[in-house]
Amino acid sequence: MGEDRKIRILVAKPGLDGHDRGAKVIARALRDAGMEVIYSGLRQTPEMIVSAALQEDVDAIGMSCLSGAHMHLFTRVMELLREKNAGDILVVGGGIIPDEDIPKLKEAGLAAVFTPGSSTQDIIAFVKANVKRPAAMSNEQ
Amino acid sequence: MYDREALDRLDRERKRWEAETLGPFTRESPERTTPFTTVSGKPIQRLYTPLDVPQMDHARDLGFPGEYPFTRGVYPTMHRGRFWTMRMYSGYGSPEETNRRYKFLLGQGQTGLSVAFHLPTLMGYDSDHPMAAGEVGKAGASIDSVEDMEVLLEGLPLGDVTTSMTITSTAAVAWAMYIAVCERMGIPHARIGGTIQNDILKEYIAQKEFIFPIRPSLRLVTDTIVFGSRHLPRWNTISISGYHIREAGATALQEMAFTIADGVTYVEEAIRAGLDVDDFAPRLSFFFDLHNDLFEEIAKFRAARRLWARLMRERFKAKNPRSWMLRTHSQTAGVSLTAQQPYVNIARVALQALAGVLGGAQSMHTNSMDEALALPTQDAALIALRTQQVIAHESGVTNTIDPLAGSYFVEKLTNEMEEGAVEYLRRIDEMGGMVRAIEMGFPQQEIADSAYQYQRAVERGDKVIVGVNMFEDPEERRPIPILIIDEELRGRQVARLARLRKTRDKDRWQEAMDALRAAAVGRDPWGKDLLMPKILGAVRARATVGEIVGALREVWGEHTEPSII
């Protein structure tokens, strides 16, 4: 891990829905902002997401879910990350998420929830400001 | 339509107007600086005149309503005869809850049914499958077997209203369940009317609810088209859908062009399966998005009708005028709804619905104002239905047919939309057809690029979204009531499945499943033995969606897509 290591982020699509427009637009925006982006593809289980995050040694995970299953899927990812001692990975989520669920998701460990209308610039700024891993911290861009 | 001399005179007059009137005016008072483009990014001129449509020929390009090339509408009286079908796409939670919502909406004047299934049904998993965890009843009604379908449809006038089922990879199974329920209600096959979405190509392109690889999927679609043409003459066996292509980020032109290209592919496949084009083409139906840009949307519908009519008559030599008609469902743009200031969505939906009416749609769903947050509450769905009723009964726009015909602007947009689509079709033909284009990732990449460009335009402020990048509410979020799905539902569906598996006739089930598997293995891709009767047999033997799709998965495998960002 050199000084110039870029932020590595996994953009993941948990759940059964195929709405990947948001995930792809954000993946591209993060890449254009200089991050290394790994896109998981569709219908990833929480186990698959956590395993990909560990294998790819990412600093952050961005999850997108528009099926309504976010409470189950996002919180399961957080549980698995803690089990694997990877609780230092920054996790953010987005999708069709009612306001009432946002505090519960944050309690489960998500750093932020970005709902429709969020600007990619805000998401990029948030990720840059909040990644916790030392390797990435040394490279503020 | 215009003679040369008149056009020359007009051209001189326009130049004079620009020099004498427009020029001095704009020097004093310049135009706004935001780009004048459609929501799809297409530049729009200040003014349109006959100079923009110099060759317009009413007989050739527009025709009369109900006649080729159907630019002005597919029926001679259009909305003066009958309003479009008001068909609210609904489904959530259990089959019982969804049934109550259908009865409520029919009681409020809805004129057609549209079933939203939950994702496990769409993806071929039963509610007790691990992949269904967290998803049961969330994005639609939980339907695992024909028993759930019976509950869903209980007490509904299925001989009188038509039912549209928004389902594709597992459409054949849902259709079989619907037919089986109608049989038990005593409704003859010839009277069962409705639509299955069944457009698998747009799944690979945009909606991404695919299961099997493309070839066996197309075989299954063609199988249903053949079965329908033989046994259910009132059923639309496919709804060739631009909606999801648009929602995934396509421009209006890309939506129309890719949808027509998908339609061409289904026609080719059915002809290859041995059907005469006029045997099935009258039952092909379409489904387009209604986005914010009023005139662009209207032009899209008009151009799609004209292009489809020309293709069916000239390319496929269809003889029956019904084969030339592009009949279409429409839905307001879910992607245009904002989570911020959700009540403003009511205004957006009204304008979008107006485009559908002026564009000549046959059927419509209007989104509810709360759908950027969750599935709609009953009250929100009622406002959306009422919006259609206000347009139909109060606005006066239904008094005459295709009221925007002859507008220099709308006719020019219509021409450009058709020309642009013809160019896309040419490129797709060059690639070897739509299946090959999809395998190469062509439409997927075009859509991803458009989606990204749109997002950037919004973030630059070139595209204004009220309440999001202009006129933001300082109070951020004012809460509105939200539909909450019961988390205990999965447990009840799992128990229902266990009971079903325990009580059904096991020998009959086994026999039906074996017959299905054998038919799926069949080497002859267009075998005499259709799959549809075998699926129907399995459904009647109380096989579940997960079991039927599981058997086909074993034989055909699954599709995996390359990631195109």
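Two strands count as paired when DSSP finds at least two bridges between them. Keep that in mind for this predicted model, where 9 strands of chain B form an open sheet with parallel pairing.

- Strand 6 of chain B pairs with strand 7 (residues 284-290) of chain B in the parallel sense, over 4 bridges.
- One residue to look for in that pairing is B:I238, whose bridge partner in strand 7 of chain B is B:L284.
- B:I238 and B:I240 point one way from strand 6 of chain B, while B:S239 and B:S241 point the other way, and all are buried.
- Elsewhere in the sheet, strand 3 (residues 163-166) and strand 4 (residues 194-196) of chain B make a parallel pair over 3 bridges.

- Helix 5 (residues 146-153) and helix 6 (residues 171-185) of chain B have axes that come within 9 Å and cross at roughly 65 degrees.
- That crossing of helix 5 and helix 6 of chain B is right-handed.
- On the helix 5 side of chain B, the residues involved are B:V146, B:M149, B:E150 and B:L153, and they meet B:M177, B:Y178, B:A180 and B:V181 in helix 6 of chain B.
- Sorted by class, the residues of this helix 5 and helix 6 contact in chain B come out as 7 nonpolar, no polar and 1 charged.

**The nonpolar core**

- In soluble globular proteins, nonpolar side chains tend to be buried together.
- Here, the largest nonpolar core has 193 residues.
- The residues with the most contacts inside that core are A:I9, A:I61, B:V173, B:A174 and B:I535.
- Leaving aside residues up to four places away in sequence, B:V173 touches B:I535, B:V539, B:V545, B:I548 and B:V549.

**Where the chains meet**

- Most residues other than glycine have a negative phi, and most peptide bonds are trans.
- The peptide bond from B:Y68 to B:P69 is cis, with omega near 0 degrees.
- B:P69 lies in the loop between helix 2 (58-62) and strand 1 (85-90) of chain B, and B:F70 is in the loop between helix 2 and strand 1 of chain B too.
- B:F70 isn't a glycine, yet its phi is positive, near 65 degrees.
- With 26 other C-beta atoms within 10 Å, B:F70 is buried.
- B:Q341 isn't a glycine either, and its phi is also positive, at about 45 degrees.
- You'll find B:Q341 in the loop between strand 8 (328-332) and helix 14 (344-359) of chain B.
- Because 20 or more other C-beta atoms within 10 Å make a residue buried, B:Q341 counts as buried with its 20 neighbours.

Technical notes:
Residues are numbered from 1 along each chain as its sequence is written. Chains are lettered from A and ligands numbered from 1 in the order in which they are written. This is a predicted model: local features need pLDDT of at least 70, side-chain atom pairs count only at pLDDT 80 or more; totals for chains, interfaces and linings use all residues. A nonpolar core is a set of buried Ala, Val, Leu, Ile, Met, Phe, Trp, Tyr and Cys residues joined through C-beta atoms within 7 Å. A residue is buried if 20 or more other C-beta atoms lie within 10 Å of its own, exposed if 12 or fewer, and partly exposed in between; C-beta atoms are placed from the backbone. Two residues are in contact if their C-beta atoms, placed from the backbone, lie within 7 Å. Helices (H or I, at least four residues) and strands (E, at least two) are DSSP runs, numbered from the N terminus. Axes are lines fitted to C-alpha atoms, for helices over the stretch in contact, and angles run from 0 to 180 degrees between N-to-C directions. A crossing is left-handed if the near helix is turned anticlockwise from the far one by less than a right angle, and right-handed if clockwise. Ala, Val, Leu, Ile, Met, Phe, Trp, Tyr, Cys and Pro count as nonpolar, Asp, Glu, Lys and Arg as charged, and the others, Gly among them, as polar.
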